[in-house]
Amino acid sequence: MRILTAIVFLCLTATLNAQTPDGQDGFVVRAIVIDGDTVITMNLPEHEVVGRHIFRNRREEQRHHRLVHNVRRVYPFAKLAGEIYRDLMTVLANEPCERRQNQLMRQAERDIRRQFERDLRNLTVSQGQILVLLLDRETSHSAFNLVRDLRNAFLANVFQGVGRIFGYNLRVRYDPDGRHADIESIVRAIERGEIEPFPLPGR
């Protein structure tokens, strides 16, 4: 709290020093009047304050490091999937012909398979489970709904059944403030530039 107060004080001091009596070489700032006193107001950039992670034991620390590794591995795939999904939805919205829509979806699937199928097959079960969650984060749709909407309900149920065998649940929803808070914390650290994700293959 002292550090934050000091930063705010320095910002205000710098602003006040920039105001010259005759108005030259200064700049206009916003202010409000409170009980007869003029108080300068300003918008400060938003910063996220994150506490240091304290582990109860060595096993918990190792589990966390493994989770960080797995999120770093699949995060780029989830981001790319989100971009492809949004682009595809834009194209499909402007294409009235259902047959052409199906062609575009199949083409997108072929492109993804050609470029990333080998790498996706090499993911561990844990990494696959995290990817399913991050797909929801990036698209606001569960993996099951994505397959159902982009292909058909029959395939979605087939994939769900196969996924269950390997420990996946395509219907699971991402819960950043609850069950998946640890994953969300790592993702936000990646987005702040504090953790480097693994690069996408071929990029």
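The legends below describe close-up views of a predicted model.

**View 1. Helix α2 against helix α7.** Helix α2 covers residues 58–93 and helix α7 covers residues 181–191. Their axes come within 10 Å and cross at roughly 55°. The crossing of α2 past α7 is right-handed. On the α2 side, the contact is made by His64, Leu67, Val68, Val71, Arg72 and Tyr75. On the α7 side, Asp182, Ile183, Ile186, Val187, Ile190 and Glu191 take part. By type, the residues of this contact of α2 with α7 are eight nonpolar, one polar and three charged.

**View 2. Helix α2 against helix α3.** Helix α3 spans residues 98–121. The axes of α2 and α3 come within 11 Å and cross at roughly 170°. An angle over 145 degrees counts as roughly antiparallel, so α2 is roughly antiparallel to α3. From α2, the residues Arg73, Phe77, Leu80, Ile84, Leu88, Val91 and Leu92 meet α3. Their counterparts in α3 are Gln101, Leu104, Met105, Ala108, Ile112, Phe116, Asp119 and Leu120. The contact of α2 with α3 consists of twelve nonpolar residues, one polar and two charged.

**View 3. The hairpin of strands β1 and β2.** Strand β1 (residues 30–34) and strand β2 (residues 37–41) run antiparallel and are joined by five bridges. Within this pairing, Ile32 has Val39 of β2 as its bridge partner. Two residues lie between the strands of the hairpin, and Asp35 takes a positive phi near 50°.

Conventions
Residues are numbered from 1 along each chain as its sequence is written. This is a predicted model: local features need pLDDT of at least 70, side-chain atom pairs count only at pLDDT 80 or more; totals for chains, interfaces and linings use all residues. Side-chain values use heavy atoms; hydrogens and water are left out. Axes are lines fitted to C-alpha atoms, for helices over the stretch in contact, and angles run from 0 to 180 degrees between N-to-C directions. Helices (H or I, at least four residues) and strands (E, at least two) are DSSP runs, numbered from the N terminus. A crossing is left-handed if the near helix is turned anticlockwise from the far one by less than a right angle, and right-handed if clockwise. Contact means heavy atoms within 4.5 Å. Ala, Val, Leu, Ile, Met, Phe, Trp, Tyr, Cys and Pro count as nonpolar, Asp, Glu, Lys and Arg as charged, and the others, Gly among them, as polar. Angles under 35 degrees count as roughly parallel, over 145 as roughly antiparallel, 65 to 115 as roughly perpendicular and the rest as oblique. Two strands pair if DSSP finds at least two bridges between them.
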